[in-house]
Amino acid sequence: PVLDTEDAWVSVEGPVSIVELALEQKRIHYPLVEHQFVLCTVLYAIMRLSLKSVKPLSLFDSKGKNAFFKDLTSIQLLPSGDMDPNVLSVRQQFLLKVVSAAVQTLCSSQKDREISEEEYFPFEKGKNWPTLAADLAQYLQISEDLVRRHYVCELYSYGMDHLGEE
């Protein structure tokens, strides 16, 4: 891009402007950033919902694991469409655990103190964990319908039939 500057600024000496520094940076490889985002979301779900016995790196194959430790500007081989069935099974179990833990947390908090989801998760206003799990399913190559069906079953099992019907 062409940056027009006023004549008064041309003779100014000092450090390089932040705009010039930004333009000199290498372009990032967006799929690699997306891959890192998936890992961050997985780690946040594990922490926030207190999931036990989940190994986050087991959700990724060897290419995916190697990509985490590369520079974001490098073009890396990311997992292709063909995945190991064992990895897909682990991913599916993880997403179902997220949904189950979210529904259990919501139901137990509402029964104990009659508070809403926004009050229980104050820093996550509007965050719907089952919807987040369904969105994450797309990145992890798991059927989104499977996650949604599990969510409905969990709602019915906790006696929240009105939400399950929706």
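Helices, as the term is used here, are DSSP runs of H or I with at least four residues, strands are runs of E with at least two, and both are numbered from the N terminus. The model is predicted, and local features are reported at pLDDT of at least 70, side-chain atom pairs only at pLDDT 80 or more, and totals for chains, interfaces and linings with all residues. Residues are numbered from 1 along each chain as its sequence is written, and side-chain values rest on heavy atoms, with hydrogens and water left out.

**Overall architecture**

The protein chain contains 9 helices and 0 strands, so that its order of elements from the N terminus reads α-α-α-α-α-α-α-α-α. Of its 166 residues, 31% count as buried, where buried means under 20% relative accessible area, exposed over 50%, and partly exposed in between, with a 1.4 Å probe and protein chains only. The accessible surface of the chain amounts to about 11400 Å², and carbon and sulfur atoms supply 55% of that surface. Such areas come from the Shrake-Rupley method with a 1.4 Å probe, and for residues only the protein chains shown count as cover. Contacts (heavy atoms within 4.5 Å) between residues at least 6 apart in sequence join residues at least 24 apart in 67% of cases.

**Helix packing**

Helix 3 (residues 30–48) and helix 7 (residues 129–139) have axes that come within 11 Å and cross at roughly 145°. Axes are lines fitted to C-alpha atoms, for helices over the stretch in contact, with angles from 0 to 180 degrees between N-to-C directions. The crossing of helix 3 past helix 7 is left-handed. Helix 3 contributes Glu34, Phe37, Val38, Thr41, Val42, Tyr44, Ala45 and Arg48 to the contact, while helix 7 contributes Trp129, Leu132, Leu136 and Tyr139. A crossing is called left-handed if the near helix is turned anticlockwise from the far one by less than a right angle, and right-handed if clockwise.

Side chains of opposite charge can pair when their charged atoms come close. The whole structure holds 1 salt bridge, a term that requires a side-chain nitrogen of Lys or Arg within 4 Å of a carboxyl oxygen of Asp or Glu. Arg148 and Glu144 form a salt bridge, with 2.7 Å between the closest N and O atoms. Both residues belong to helix 8 (residues 144–157), where a spacing of 4 residues separates them by about one helical turn. Leu163 is located in helix 9 (residues 161–165); its C-alpha atom lies 8.0 Å from that of Val152, at a sequence separation of 11 residues.

**Positive phi in loops**

Most residues other than glycine have a negative phi. Ser53, in the loop between helix 3 and helix 4 (62–67), has a positive phi near 50°. Gln141, in the loop between helix 7 and helix 8, has a positive phi near 60°.

**Surface**

Leu3, Ile18, Val19 and Leu23 form a nonpolar surface patch with about 390 Å² of accessible area together. Patches comprise residues with over 30% relative accessible area and no salt bridge, joined within 9 Å for like charges and within 5 Å for nonpolar side chains (Val, Leu, Ile, Met, Phe, Trp, Tyr). Leu3 itself lies in the segment before helix 1 (7–10). The table lists the accessibility of individual residues discussed above.

| Residue | Relative accessible area | Class |
|---|---|---|
| Leu3 | 45% | partly exposed |
| Ser53 | 70% | exposed |
| Gln141 | 35% | partly exposed |
| Glu144 | 23% | partly exposed |
| Arg148 | 38% | partly exposed |
| Leu163 | 29% | partly exposed |
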